Amino acid sequence: MTERVGIITFPGSLDDSDAARAVARAGGEPVRLWHADHDLRGVDAVILPGGFSYGDYLRCGAIARFAPVMRELVPAARAGLPVLGICNGFQILCEAHLLPGALTRNAGLRFIDRDVRLRIETTATPWTRGFSTGQEITVVLKSGEGAYVADPATLAALAAGGQVVARYSGGNPNGSAGDIAGVCNEAGNVVGLMPHPEHAIDPLTGPGTDGLGFFTSALRAMAGQ
Amino acid sequence: MSPVDGASVSPVDGTPVSPGDGALVSRVDTVARAAATPGQPQPHAELGLTDAEYARIRELLGRRPTDSELAIYSVMWSEHCSYKSSKVHLRQFAEKAPSTRALLAGIGQNAGVVDIGQGYAVTFKIESHNHPSYVEPFQGAATGVGGIVRDILAMGARPVAVMDALRFGPADAPDTRRVLPGVVGGISFYGNCLGLPNIGGELAFDPCYAGNPLVNALCVGVMRHEDLKLAAARGTGNAVILLGSGTGPDGIGGASVLASATFGGSESAKRPSVQVGDPFMEKLLIECCLELYAAGLVVGIQDLGAAGVSCATAELAAGGGVGMRIRLEAVPLRDPALGPAEILMSESQERMMAIVEPGDIDRFLEICARWDVPATVIGEVTDGGMLEMTWHGEQVVDILPASAADDGPVYRRPAARPAGQDQLAASDPSALPRPAAGAELRAALLALLASPGLADKTWVTEQYDRHVRGDTVLAMPQDAGAIRVDERTHLGVALATDGNGRYSRLDPYAGAQLALAEAYRNVAAAGAVPLAVTNCLNFGSPEDPAVMWQFTEAVRGLADACATLGVPVTGGNVSFYNQTAAVPIHPTPVVGVLGVHQDVRRRLTIGFAQDGDTVLLLGRTADELGGSAWAQVMHGHLGGRPPAVDLAAERALAAVLTAAASGGLLSAAHDLSDGGLAIALAECCLAGGRGCRVTLPGDAFTLLFSESAARAVVAVRPGSEAAFAALRDTHGVPAATLGVTGGASLDVRASPAASASPKASANFVVPLDELADVHRATLPALFG
């Protein structure tokens, strides 16, 4: 049976088709979910894709967290549903308090689109279990408000609790605290990632295939393998 | 009142006209009042209409125009909308067009549409937003992107990528530090938020653009053949629906005044507000329109750009040969104080106008509501043939739509070869001191590589999302941008824009041809077969006979070259009045070429990809330094003749490159243009992170820095040398073997036979690290 991965489209979501493509390439069945529906359609995992939901108005992710579909997602995530927020999706998960911390303007105050090296810090999440700890991968970073921030106590707790999922390696591109590129909740099922693994699934259109590992990991986790 | 009025989702519409509005209504200039008060003075000159044009309007109407009608004519008859000074020349693009079956819609539509096979059609167009981008760089450039994207959307296509051709004053001028970061930031803000990959473009600097930066934005869209939409209203009783943003006082007068008035001391009063963009609404509008198209609910559609509601109503009605009745008070407003004339002139962004059958209105509005796009029925199609508009029941417009849309004034303005053109041609760069020794050649190469126009553009391009949608196969710094159209069949398109104002200043006829040749060559160097052309013609004031001569020469040159190369012009844009006081910019025709990739996996890239490949120089190199980057950077010199145009050689070179790409014979290809072979080799090394060792078969300086056209450098895969040689022979493309890829430096040696004196060796070596440092340092140092 093919695992079904939901991809939520908010008004202003941009990388939703790309996330769907990555799920399909990894062998899963992408299921499109609509922000205005109170329905997760029985999916086995959910991806909140990149983009500019609600035009980033007020604050990135601040309006999307109130979308009807989030009323369904938040309890499901708290109950253990694997959830991956990419870029704007990460921002939404922080605004929804499913993940600690926040994302602010890049240190250079400009949007940047570049290939970045990441070091995988934990494989104890459904989205990274196929990697090895310390493994370095190349994916695409493209964001204007990608600097991860949290208070010192939270940062210390994240590090101590194994909740840092990935760090930038070989240079901090945006001023993120502790070079943090991605974090997870305490249970590990909810992951937020500022760079875009769905844009590193094919050397024809991205820097390689390293990003595919997030999707294949989750599909195997869902299949109970 | 028609029952459809109540269908509006706008809170503004449906508000009953209370008796208290009587005072407002009575102030409105109605058709009846216009007929009764023929002598009332009107501000036609302030609106940019000449006395003769105003008299012509009165003659057409048989009375004075109402304020609303005057507003319509002033924007529709502006240079920007009517092409009144360029029309007689632009006809050549159609008259000389090569016969092709590839064109599904051509000049005159919002954008040209090209058949690329497998049932797909591609529409693309480039348009200027020069003046607004100088006044307010961020919003000016942002709304330039928004406007061209709506043009593509209006054809029925999904926009899939954008490009930007940018030209600024000197890179180190204080004002450039205001304009450039603002323009780049605006493009980044708007394009990224729309989710459209930015796949390339140009960045050039010249003092002539100091007061007139050029911001030319290109968009490309993809559709199935059957999805083509035309800007034509049909069907008596069909509804006219305005969808998207509310109408505000944005850019009122912009079309006729801002885009057509020269910047100069006394003109500053003519600079009204630049429009403000809302890319989020545009993103919703894109998805909403595509869903409306797919549901078959759109009879005709037009975007609202310059001239807003005036243009959309007049063009839709004229395009369909029908009449239209519009209730202007139904237009949803952001500023309730706006009157009918202001609504007609508003350039508020993110708006479209659709023609919808009455039975489809509910479904149409449902889809709009699903996307949170306000949509309002503002009128209907009539069989009366007139464009009629009312304001709270009183008639304020009653004109023939074609009189505004098609029958504007047409001028054949005087053109005269500028005094000084011959003198410019006589100022030949052969008199300039040339480097000969290796150390001098090396220094010249590094100076060019560090010059702002040739330096690494990452500071700019990194601010653009090039990955979104996941179909970007090529983006900057490649020769062309390329987008995969079909994931299953690997069909794709490639696009390049080029233009060299310095060449065009020396010879506008040749300069326009060289711009086309370079874009054509770039597309072929990416492995795609060139198919069609768009152009953005940036010039000074058409009222200056010298500028008009440049314009006529450039158009003639471009039309002739398109005919010879077999690629039709599908559409484009003219931007006049790019001048500060009496000084025009260099004539700058920017040409975009679209090509087709049968298999995007066979695309060619510029970087040397592996060690041990043979490096060849294709084409003939002559001593051609007129207008060159070397003359500009090393000597601040502009004079002589631009490189010779050889379109037969361009065609042969493109045939070789595209055949070699599909045959998999090459590991790299890069066209030669600004900075010649020296810059091309450096870029091949930097892009591939790999050096090369070459021996120059002739005079080192000429080979390195001449800008002869119809040339490219390629790396041939081991084992493919014979096949590639046979291919070259078939097409008669000459080649010189330069050397081999590999190593950690650009290693250049002079031919022993060519060196005049063995003591003054022309050999030099630049390590890749040094090459990279020099190339990458310039723009960050200038712009932070």
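Predicted model: local features only at pLDDT ≥ 70, side-chain atom pairs only at ≥ 80, totals over all residues.

**Chain A: the sheet**

I started at A:I7, whose bridge partner in β3(A) is A:I47. Residues are numbered from 1 along each chain as its sequence is written, while chains are lettered from A and ligands numbered from 1 in the order in which they are written.

Strand β1 (residues 4-9) of chain A and β3(A) run parallel as a pair, with three bridges. For the names I use DSSP runs numbered from the N terminus: helices are H or I with at least four residues, strands are E with at least two. Strands pair if DSSP finds at least two bridges between them.

Next I looked at what packs here. Helix α1 (residues 16-25) of chain A sits on the sheet and touches β1, β2, β3 and β4 (83-86) of chain A. Contact means C-beta atoms, placed from the backbone, within 7 Å. The direction of α1(A) makes about 175 degrees with that of β1(A); axes are lines fitted to C-alpha atoms, for helices over the stretch in contact, and angles run from 0 to 180 degrees between N-to-C directions.

Then I traced the whole sheet. Nine strands of chain A form an open sheet with mixed pairing, in the order β2-β1-β3-β4-β11-β10-β9-β6-β7. The edges are β2 (29-34) and β7 (136-143) of chain A; each has a single partner strand, so one side of each lacks a neighbour in the sheet. On average, neighbouring strands of this sheet are turned by 25 degrees against each other, direction ignored.

Which non-glycine residues did I find with positive phi? A:D56 has phi near 60 degrees, and A:D179 has about 60 degrees. I placed A:D56 in the loop between β3 (45-48) and α2 (68-78) of chain A, and A:D179 in the loop between β9 (164-169) and β10 (180-184) of chain A.

Buried or exposed? A:D56 is buried, with 22 other C-beta atoms within 10 Å. A:D179 is buried too, with 20. The cut-offs are 20 or more other C-beta atoms within 10 Å for buried, 12 or fewer for exposed, and partly exposed in between, with C-beta atoms placed from the backbone.

**Chain B**

I counted 27 helices and 28 strands in chain B, and 63% of its 784 residues are buried. Its C-alpha trace spans about 95 × 55 × 50 Å along the principal axes.

I checked strand β8 (residues 300-303) of chain B and found both faces covered: B:G300 and B:Q302 are buried on one side, B:I301 and B:D303 on the other. β8(B) pairs antiparallel with strand β10 (residues 351-356) of chain B over four bridges, and B:Q302 is opposite B:M353 there.

For helices, I took α21 (residues 545-565) and α23 (residues 647-662) of chain B, whose axes come within 10 Å and cross at roughly 45 degrees. That makes α21(B) oblique to α23(B); under 35 degrees is roughly parallel, over 145 roughly antiparallel, 65 to 115 roughly perpendicular and the rest oblique. B:A561, B:T564 and B:L565 in α21(B) meet B:L647, B:E650 and B:R651 in α23(B).

Last entry: the peptide bond from B:M476 to B:P477 is cis, with omega near 10 degrees.

Conventions
Contact = placed C-beta atoms within 7 Å.
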